[in-house]
Amino acid sequence: MAKILIIDDSPADIRFMTQALKSSGHTVISLDDSTKAEKVVEAERPDLTLLDVVMPNRNGYETLRALKKLPGAAGMKVIFVSSKGSDTDIKWGLRQGAVDYLIKPYTPDQVNALITRHL
């Protein structure tokens, strides 16, 4: 199974997503602070990252741009997760380099379907 990093400032969203992913046998690492993402990605080398867009300090777009510069992120796929779900938001997220975009609220089945599609 895959090693998946969740970056989200909401403890409730992290718990919900962690439960959905662990029930499918994935290894889950989580962060509630996007400014720590580079260090964790270099150390853990996740296969995929689920990245919230709206966060304090540094948003998901800025975080993804920083991660793309890391050797440890080579081959890592990123899926944006956000309550911002307009066509413009989705297109911008994909333009930043994400492989997909998950709109909140979501179900465990939607999370696992996306993971299966991209891994």
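**Backbone and salt bridges**

Modeller: N57 lies in the loop between β3 and α3 (60-67). Please keep in mind that this is a predicted model.

Colleague: What is the phi of N57?

Modeller: Phi of N57 is near 70 degrees, a positive value in a residue other than glycine.

Colleague: And is N57 buried or exposed?

Modeller: N57 is exposed, as its relative accessible area is 69%.

Colleague: Turning to R45, where is it placed, and what is its phi?

Modeller: R45 sits in the loop between α2 (37-44) and β3 (48-52). Its phi is near 50 degrees, again a positive value in a residue other than glycine.

Colleague: With which residue does R45 form a salt bridge?

Modeller: R45 pairs with E42, and the closest N and O atoms are 3.6 Å apart. R45 is partly exposed at 46% relative accessibility, and E42 is partly exposed at 26%.

Colleague: Which peptide bond is cis?

Modeller: The bond from K104 to P105 is cis, with omega near -5 degrees. P105 belongs to the loop between β5 (100-103) and α5 (108-118).

Colleague: Which residues are linked with K104 in a network of salt bridges?

Modeller: K104 is linked with D8, D13 and D52 in that network.

Colleague: How many salt bridges does the count come to?

Modeller: The count comes to eight salt bridges. One of them joins the side chains of R58 and E38, at 2.8 Å from N to O. This pair links distant parts of the chain, with R58 in the loop between β3 and α3 and E38 in helix α2, 20 residues apart.

Colleague: Is R58 buried or exposed?

Modeller: R58 is buried, since its relative accessible area is 14%, which falls under the 20% limit for that class.

Colleague: What about R117 and D100: how do their side chains meet?

Modeller: The side chains of R117 and D100 meet in a salt bridge of 2.7 Å, N to O. R117 lies in helix α5 and D100 in strand β5, so the pair ties together parts 17 residues apart in sequence. R117 is exposed at 56% relative accessibility, whereas D100 is buried at 15%.

Colleague: A change of topic: where does T18 lie, and is T18 buried or exposed?

Modeller: T18 is part of helix α1 (residues 11-22). T18 is buried, with a relative accessible area of 15%.

Colleague: Leaving aside neighbours within four places in sequence, which residues is T18 in contact with?

Modeller: With those neighbours left aside, T18 is in contact with I6 and V28.

Technical notes:
Residues are numbered from 1 along each chain as its sequence is written. This is a predicted model: local features need pLDDT of at least 70, side-chain atom pairs count only at pLDDT 80 or more; totals for chains, interfaces and linings use all residues. Side-chain values use heavy atoms; hydrogens and water are left out. Helices (H or I, at least four residues) and strands (E, at least two) are DSSP runs, numbered from the N terminus. Buried means under 20% relative accessible area, exposed over 50%, partly exposed in between (1.4 Å probe, protein chains only). Contact means heavy atoms within 4.5 Å. A salt bridge is a side-chain nitrogen of Lys or Arg within 4 Å of a carboxyl oxygen of Asp or Glu.
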